[in-house]
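Subject: Handover of a structure

Dear colleague,

Please find the structure below for your records.

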Amino acid sequence: MQPFTGTSPGKAPQRYSINVRIYVCVSWHGTPHAGGACGYENLFDRGYGLENTALSEPFYKNGLACGSCYEVKCNNDPRWCLPGRSVKVTVTNFCPDTRHITKPFYYHNNMIINSRIGLNSPYLSHFDLSMPMFMKIADITAGLIPVLYRRIPCSKVGGVKFELKGNPWFLTVLVYNVAGAGDVVGVSVKGGNTGWMSMNRNWGQVWDVHAQLGGQSLSFRVSTGDGRTVEAYDVAPSNWQVGQNYEAHVQF
(Lines give C-alpha, C1' and ligand atoms only; values in the text may rest on other atoms or scores of the structure.)
Protein backbone atom coordinates (compact mmCIF):
# COMPACT_ATOMS: atom_id res chain seq x y z
CA MET A 1 0.00 0.00 0.00
CA GLN A 2 1.30 3.44 -0.89
CA PRO A 3 2.33 5.87 1.89
CA PHE A 4 0.19 8.93 2.51
CA THR A 5 1.07 12.16 0.72
CA GLY A 6 -0.65 15.53 0.71
CA THR A 7 -0.63 19.11 1.95
CA SER A 8 -0.16 20.98 5.21
CA PRO A 9 -2.32 23.85 6.52
CA GLY A 10 -1.04 27.38 6.09
CA LYS A 11 1.25 26.60 3.15
CA ALA A 12 0.70 27.62 -0.45
CA PRO A 13 -0.41 24.64 -2.55
CA GLN A 14 2.34 23.24 -4.76
CA ARG A 15 1.84 21.72 -8.19
CA TYR A 16 0.07 18.35 -7.86
CA SER A 17 -0.51 18.81 -4.15
CA ILE A 18 -4.07 17.97 -3.23
CA ASN A 19 -6.91 19.42 -1.17
CA VAL A 20 -10.47 18.35 -0.52
CA ARG A 21 -13.42 20.56 -1.47
CA ILE A 22 -16.93 19.65 -0.42
CA TYR A 23 -19.95 19.66 -2.72
CA VAL A 24 -22.33 22.59 -2.43
CA CYS A 25 -25.06 20.07 -1.64
CA VAL A 26 -24.96 16.30 -1.09
CA SER A 27 -23.33 15.85 -4.48
CA TRP A 28 -22.91 18.21 -7.36
CA HIS A 29 -24.72 15.82 -9.69
CA GLY A 30 -27.93 16.78 -7.82
CA THR A 31 -28.75 13.57 -5.93
CA PRO A 32 -26.60 11.41 -3.64
CA HIS A 33 -26.93 8.35 -5.87
CA ALA A 34 -26.18 9.93 -9.26
CA GLY A 35 -23.19 8.56 -11.14
CA GLY A 36 -21.79 11.47 -13.13
CA ALA A 37 -18.87 11.44 -15.55
CA CYS A 38 -17.74 7.83 -15.05
CA GLY A 39 -21.03 6.42 -16.38
CA TYR A 40 -21.99 4.43 -13.28
CA GLU A 41 -25.43 6.08 -13.02
CA ASN A 42 -27.08 4.86 -9.78
CA LEU A 43 -24.15 4.39 -7.40
CA PHE A 44 -26.13 2.20 -5.01
CA ASP A 45 -27.12 -0.18 -7.79
CA ARG A 46 -23.45 -0.39 -8.81
CA GLY A 47 -22.30 -1.12 -5.25
CA TYR A 48 -20.45 2.16 -4.67
CA GLY A 49 -23.01 3.81 -2.38
CA LEU A 50 -21.96 7.02 -0.64
CA GLU A 51 -18.30 5.98 -0.40
CA ASN A 52 -17.38 7.94 -3.51
CA THR A 53 -15.40 10.92 -4.70
CA ALA A 54 -14.84 13.02 -7.79
CA LEU A 55 -11.30 13.91 -8.91
CA SER A 56 -9.89 16.89 -10.74
CA GLU A 57 -7.34 16.67 -13.49
CA PRO A 58 -4.61 15.51 -13.70
CA PHE A 59 -5.73 12.75 -11.35
CA TYR A 60 -8.96 12.03 -13.22
CA LYS A 61 -6.96 11.24 -16.39
CA ASN A 62 -9.89 12.02 -18.67
CA GLY A 63 -11.88 9.16 -17.12
CA LEU A 64 -9.21 6.47 -16.86
CA ALA A 65 -9.11 6.95 -13.07
CA CYS A 66 -12.77 5.94 -12.74
CA GLY A 67 -13.11 2.97 -10.41
CA SER A 68 -9.80 3.50 -8.59
CA CYS A 69 -9.83 3.70 -4.80
CA TYR A 70 -8.23 6.07 -2.29
CA GLU A 71 -7.93 6.49 1.44
CA VAL A 72 -8.21 10.13 2.51
CA LYS A 73 -7.78 11.83 5.88
CA CYS A 74 -7.70 15.41 7.12
CA ASN A 75 -4.12 16.58 7.65
CA ASN A 76 -3.05 18.18 10.93
CA ASP A 77 -5.53 21.05 11.09
CA PRO A 78 -6.96 20.96 14.64
CA ARG A 79 -9.67 23.51 13.92
CA TRP A 80 -11.34 21.37 11.24
CA CYS A 81 -9.96 17.82 11.34
CA LEU A 82 -11.59 14.94 13.18
CA PRO A 83 -8.46 13.21 14.51
CA GLY A 84 -7.69 9.58 13.79
CA ARG A 85 -10.31 9.21 11.05
CA SER A 86 -10.03 8.37 7.38
CA VAL A 87 -12.39 7.36 4.59
CA LYS A 88 -12.00 4.89 1.74
CA VAL A 89 -13.66 6.02 -1.47
CA THR A 90 -14.03 5.00 -5.11
CA VAL A 91 -13.62 7.51 -7.95
CA THR A 92 -17.01 7.88 -9.64
CA ASN A 93 -16.98 11.35 -11.15
CA PHE A 94 -15.07 14.36 -12.45
CA CYS A 95 -14.89 17.51 -10.30
CA PRO A 96 -17.06 20.51 -11.14
CA ASP A 97 -15.52 23.47 -12.89
CA THR A 98 -14.87 26.74 -11.04
CA ARG A 99 -14.43 29.07 -14.00
CA HIS A 100 -17.69 30.82 -13.07
CA ILE A 101 -15.86 32.52 -10.15
CA THR A 102 -15.14 36.09 -11.22
CA LYS A 103 -13.10 37.47 -8.29
CA PRO A 104 -9.35 37.19 -8.95
CA PHE A 105 -8.62 36.00 -5.38
CA TYR A 106 -10.66 34.97 -2.35
CA TYR A 107 -9.92 33.58 1.09
CA HIS A 108 -11.18 30.37 2.66
CA ASN A 109 -9.97 29.02 6.01
CA ASN A 110 -6.83 31.19 5.73
CA MET A 111 -5.96 29.59 2.35
CA ILE A 112 -5.63 31.94 -0.62
CA ILE A 113 -7.35 30.56 -3.71
CA ASN A 114 -6.54 31.99 -7.12
CA SER A 115 -9.87 31.76 -8.92
CA ARG A 116 -8.23 32.62 -12.27
CA ILE A 117 -6.56 29.20 -11.95
CA GLY A 118 -9.61 27.52 -10.45
CA LEU A 119 -10.06 24.70 -7.95
CA ASN A 120 -9.69 22.00 -10.58
CA SER A 121 -6.44 23.23 -12.07
CA PRO A 122 -3.21 21.22 -11.72
CA TYR A 123 -2.01 23.90 -9.30
CA LEU A 124 -4.76 23.08 -6.82
CA SER A 125 -5.79 19.53 -7.64
CA HIS A 126 -8.37 18.08 -5.32
CA PHE A 127 -10.83 15.40 -4.34
CA ASP A 128 -14.52 16.32 -4.22
CA LEU A 129 -15.96 14.02 -1.57
CA SER A 130 -19.60 13.16 -1.05
CA MET A 131 -20.93 15.01 1.99
CA PRO A 132 -21.20 11.91 4.22
CA MET A 133 -17.53 11.08 3.54
CA PHE A 134 -16.41 14.66 4.22
CA MET A 135 -18.29 14.66 7.53
CA LYS A 136 -16.39 11.58 8.66
CA ILE A 137 -13.01 13.33 8.54
CA ALA A 138 -13.72 17.03 9.13
CA ASP A 139 -16.13 19.64 10.43
CA ILE A 140 -18.86 20.13 7.83
CA THR A 141 -18.40 23.93 7.93
CA ALA A 142 -14.75 23.72 6.86
CA GLY A 143 -15.44 23.44 3.14
CA LEU A 144 -11.77 23.26 2.12
CA ILE A 145 -9.22 21.26 4.12
CA PRO A 146 -5.66 19.98 3.66
CA VAL A 147 -5.54 16.19 3.41
CA LEU A 148 -3.30 13.18 3.22
CA TYR A 149 -4.27 10.59 0.63
CA ARG A 150 -3.04 7.31 -0.80
CA ARG A 151 -4.09 4.89 -3.50
CA ILE A 152 -5.40 1.61 -2.07
CA PRO A 153 -6.62 -1.69 -3.58
CA CYS A 154 -10.37 -1.81 -4.24
CA SER A 155 -12.34 -4.48 -2.40
CA LYS A 156 -15.46 -5.71 -4.23
CA VAL A 157 -17.99 -8.50 -3.71
CA GLY A 158 -18.46 -10.98 -6.57
CA GLY A 159 -17.04 -10.82 -10.06
CA VAL A 160 -16.47 -8.02 -12.57
CA LYS A 161 -19.82 -6.79 -13.90
CA PHE A 162 -20.94 -5.57 -17.30
CA GLU A 163 -24.02 -3.61 -18.35
CA LEU A 164 -24.79 -3.99 -22.05
CA LYS A 165 -26.09 -1.04 -24.03
CA GLY A 166 -26.28 -0.02 -27.69
CA ASN A 167 -27.76 -2.53 -30.14
CA PRO A 168 -26.81 -5.84 -31.83
CA TRP A 169 -24.62 -3.93 -34.37
CA PHE A 170 -23.04 -1.36 -32.04
CA LEU A 171 -22.28 -2.65 -28.57
CA THR A 172 -21.51 -0.38 -25.62
CA VAL A 173 -20.54 -1.82 -22.26
CA LEU A 174 -20.26 -0.27 -18.81
CA VAL A 175 -17.58 -2.13 -16.81
CA TYR A 176 -17.91 -1.89 -13.02
CA ASN A 177 -17.39 -3.69 -9.71
CA VAL A 178 -13.69 -4.06 -10.48
CA ALA A 179 -11.45 -5.02 -7.55
CA GLY A 180 -7.69 -4.52 -7.22
CA ALA A 181 -6.50 -1.43 -9.08
CA GLY A 182 -10.11 -0.72 -10.05
CA ASP A 183 -9.23 1.51 -13.00
CA VAL A 184 -10.02 -0.21 -16.28
CA VAL A 185 -7.65 0.87 -19.07
CA GLY A 186 -8.49 -1.67 -21.78
CA VAL A 187 -11.42 -3.90 -22.79
CA SER A 188 -11.80 -6.48 -25.57
CA VAL A 189 -14.90 -8.47 -26.50
CA LYS A 190 -15.26 -11.86 -28.17
CA GLY A 191 -18.47 -13.14 -29.68
CA GLY A 192 -19.29 -16.82 -29.90
CA ASN A 193 -18.39 -16.70 -33.60
CA THR A 194 -15.58 -14.11 -33.57
CA GLY A 195 -12.08 -13.58 -32.29
CA TRP A 196 -11.08 -10.93 -29.77
CA MET A 197 -11.89 -7.33 -30.78
CA SER A 198 -10.53 -4.28 -28.97
CA MET A 199 -13.17 -1.89 -27.65
CA ASN A 200 -12.87 1.91 -27.66
CA ARG A 201 -13.38 3.89 -24.50
CA ASN A 202 -16.42 6.04 -25.21
CA TRP A 203 -16.40 7.99 -21.94
CA GLY A 204 -15.74 7.21 -18.28
CA GLN A 205 -15.86 3.43 -18.02
CA VAL A 206 -18.22 2.95 -20.98
CA TRP A 207 -16.59 1.06 -23.87
CA ASP A 208 -17.89 0.42 -27.40
CA VAL A 209 -17.24 -1.57 -30.57
CA HIS A 210 -18.79 -1.49 -34.05
CA ALA A 211 -19.58 -5.16 -34.63
CA GLN A 212 -22.60 -7.37 -35.23
CA LEU A 213 -22.69 -9.43 -32.04
CA GLY A 214 -26.40 -10.10 -31.69
CA GLY A 215 -27.26 -13.77 -31.14
CA GLN A 216 -23.76 -14.62 -29.89
CA SER A 217 -22.49 -15.26 -26.39
CA LEU A 218 -20.10 -12.56 -25.20
CA SER A 219 -16.72 -12.91 -23.48
CA PHE A 220 -14.62 -10.02 -22.19
CA ARG A 221 -10.94 -9.34 -21.61
CA VAL A 222 -10.37 -6.54 -19.09
CA SER A 223 -7.08 -4.82 -18.21
CA THR A 224 -6.45 -2.49 -15.26
CA GLY A 225 -3.91 0.25 -14.68
CA ASP A 226 -1.51 -1.99 -12.74
CA GLY A 227 -0.94 -4.16 -15.82
CA ARG A 228 -3.17 -7.07 -14.81
CA THR A 229 -5.63 -8.70 -17.23
CA VAL A 230 -8.47 -11.16 -16.72
CA GLU A 231 -10.50 -13.03 -19.33
CA ALA A 232 -14.15 -13.73 -18.59
CA TYR A 233 -15.67 -16.28 -20.94
CA ASP A 234 -19.37 -16.51 -21.85
CA VAL A 235 -20.36 -13.72 -19.48
CA ALA A 236 -23.51 -12.97 -21.47
CA PRO A 237 -25.53 -15.75 -23.15
CA SER A 238 -26.39 -15.71 -26.85
CA ASN A 239 -29.82 -14.24 -26.06
CA TRP A 240 -28.34 -11.24 -24.21
CA GLN A 241 -30.44 -8.10 -24.08
CA VAL A 242 -29.59 -4.41 -24.07
CA GLY A 243 -30.06 -2.96 -20.60
CA GLN A 244 -29.18 -6.19 -18.80
CA ASN A 245 -26.31 -6.61 -16.34
CA TYR A 246 -24.07 -9.69 -16.34
CA GLU A 247 -21.54 -10.82 -13.76
CA ALA A 248 -18.33 -12.67 -14.61
CA HIS A 249 -16.97 -15.54 -12.55
CA VAL A 250 -13.55 -13.86 -12.40
CA GLN A 251 -12.22 -10.90 -10.45
CA PHE A 252 -8.92 -9.07 -9.97
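Predicted model: local features only at pLDDT ≥ 70, side-chain atom pairs only at ≥ 80, totals over all residues.

Residues are numbered from 1 along each chain as its sequence is written, and side-chain values use heavy atoms, with hydrogens and water left out.

The structure holds one cavity of 30 Å³ or more (a cavity being a set of points on a 1 Å grid over the protein atoms alone where a 1.4 Å probe fits but cannot get out, with lining residues having an atom within 4 Å of a point). The space in the largest cavity is about 40 Å³, a volume being the space filled by probe spheres set on the points. Its lining consists of Phe-59, Lys-61, Leu-64, Ala-65, Ser-68, Tyr-70, Arg-151 and Asp-183.

An open sheet is formed by five strands in the order S14-S15-S11-S10-S18, with antiparallel pairing (strands are DSSP runs of E, at least two residues, numbered from the N terminus; two strands pair if DSSP finds at least two bridges between them). Strands S14 (200-203) and S18 (245-247) stand at the edges with a single partner strand each, so one side of each is left without a neighbour in the sheet.

Elsewhere, S12 (residues 184-191) pairs with S16 (residues 218-224) in the antiparallel sense over seven bridges, and Val-187 stands opposite Val-222 in S16. S12 also forms a hairpin with S13, with four residues between them.

Yours sincerely

Definitions and conventions
1 Å grid on protein atoms, 1.4 Å probe; cavity = no way out; pocket = protein on both sides within 12 Å on 5 of 7 lines; lining within 4 Å.
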